[in-house]
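Let's walk through this structure together, one piece at a time. Have the sequence and the 3D view open as you read.

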Amino acid sequence: MFHKFSNRKNLFSIKSQNRSTKICKVRLSKFSLVITTPVLLNKKCLAGWNRVEAIVHKDKDLLESKTTVYCRKAPKQVINPFTAIFLGSAQSRMLRQIGGIYTYHKIAPPPQGTRDPFLYVSPGRFDDQLAQLRRQGFKSSKIEELAGGGVVISFDDGFENVLRNGLEPLGRHGFQGLQYIVSDRIGGLNDWDIAKGDTPERLMDQAQIREWIGAGHAIGSHSRTHRNLRKLSRVEARSEIVDSKKALEDMFGVAVRHFCHPYGGFTAETRELVMEAGYQSAVTVLPGFNPPGSDRYALRRIIPLSAGEFVAKVIHRVMRKLSSTPSGRGG
Ligand SMILES: [Zn+2]
């Protein structure tokens, strides 16, 4: 399941306990690497590599031990549009193998004039989706425990309509929600969407977030102000990442272990800042699943769309793009 990083051989670098670094030939099995021939390599080669656990056969004596292995590329994604269809057979199969993270924004009927109706899921549909997940035997999971059959229900931005319309069905179907909060906008509006001409929506205030946590759900950080961290200076990005964590922890007295990159975007530097801040994971808007060995700070998620919604969304995106081209902007 791992990309070859050289066009010659499957070469990986391993870092042993005494911090010496080696590059090795590996044999690839389904979800593990077997190191066969270690040789020494320059330590610098580790920068930007993903970390995976692997079973190592020490030299030729086949003595097995776990070690940390760095591979240059993320595990190969299953590129199959059928895995995007909510509980279609391909998606169900992936969930049963390695679990998955669903991403929701708003639980409400889409208002007229919204730029992206697909960020809304109606309360009835949300209830039905949770019921389907439960009927098919999928269990609520936490990101750090994600495994076969485990499902994380994540929400971006902290919308009040999720509390109003989502709390009851989540509890009734036995799923824990993870809500990524924009710490400087608590009790305010989605001003980052409004600036682009989208519909104003209210964000949970402090009392409502307490109600969310009190009902057994989790919170993560979605930065301080929802600015695109890729466009900020290191100091500004650091403040968005570090100060939001501290603010949420101080406000609500719970550990904030998970981060959601605003707009799903990150750079090597902002990813590093998220790690340094002490988060255990970070999610993106990249679609897909996270096989063992995936980068924990660039997790993929699944948008819960039926086949019809998937097609409609693709058409909607294309139309929106066309209407925002210079020739269509005046309209
Ligand atoms: Zn967001």
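How many residues does helix α8 have, and what distance does α8 reach from its first C-alpha to its last? Helix α8 covers residues 307-323, which makes 17 residues, and it reaches 25 Å, close to the 24 Å expected at 1.5 Å a residue. That expected span is 1.5 Å times one less than the number of residues in the helix.

You're looking at a predicted model, in which local features need pLDDT of at least 70 and side-chain atom pairs count only at pLDDT 80 or more, while totals for chains, interfaces and linings use all residues. Residue numbers start from 1 along each chain as its sequence is written.

Now for the overall picture. The protein has 8 helices and 15 strands; these are DSSP runs numbered from the N terminus, with helices being H or I of at least four residues and strands being E of at least two. Of the 331 residues in the protein, 34% are buried. As for contacts with a separation of 6 or more, 57% of them are accounted for by residues 24 or more positions apart. Two residues are in contact if their C-beta atoms, placed from the backbone, lie within 7 Å.

For a well-covered strand, go to β6, residues 100-104, where 5 of the 5 residues are buried. In a regular strand the side chains alternate between the two faces of the sheet. In β6, G100, Y102 and Y104 are on one side and I101 and T103 on the other, and both faces are covered. β6 runs parallel to β10, joined by 5 bridges, and Y102 has I153 in β10 as its bridge partner. Strands count as paired if DSSP finds at least two bridges between them.

G148 counts as partly exposed because it has 13 C-beta neighbours inside 10 Å. G148 and G99 are 49 residues apart in sequence, yet their C-alpha atoms are 4.7 Å apart in space. Leaving aside neighbours within four places in sequence, G148 is in contact with R96, Q97, I98 and G99.

Next, the helices α3 (residues 160-173) and α5 (residues 206-214). Two packed helices are described by the angle between their axes and the distance between the axes. For α3 and α5 the angle is about 35 degrees and the axes are 10 Å apart; axes are lines fitted to C-alpha atoms, for helices over the stretch in contact, and angles run from 0 to 180 degrees between N-to-C directions. E160, L163 and L167 in α3 meet Q208, E211 and W212 in α5.

Strand β12 is another covered one: A218 and G220 point one way, I219 and S221 the other, and all are buried. β12 pairs with β11 (residues 177-181) in the parallel sense over 4 bridges, with Y180 standing opposite G220. In the loop between β12 and α6 you'll find S223, which is buried, with 28 other C-beta atoms within 10 Å. Most residues other than glycine have a negative phi, and most peptide bonds are trans. S223, though, has a positive phi near 80 degrees.

Finally, look at β13 (residues 258-260) and β14 (residues 281-287), which run parallel and are joined by 3 bridges. H258 stands opposite S281 in β14. Together with helix α7 (residues 268-276), β13 and β14 make a right-handed β-α-β unit; right-handed is the term if, with the strands pointing away from the viewer, the path from the first strand over the helix to the second runs clockwise. In the loop between β13 and α7 is Y263, a non-glycine residue with a positive phi of about 60 degrees. β14 also pairs with β15 (residues 299-301) in the parallel sense over 2 bridges, and there P287 stands opposite R301.

Methods. A residue is buried if 20 or more other C-beta atoms lie within 10 Å of its own, exposed if 12 or fewer, and partly exposed in between; C-beta atoms are placed from the backbone.
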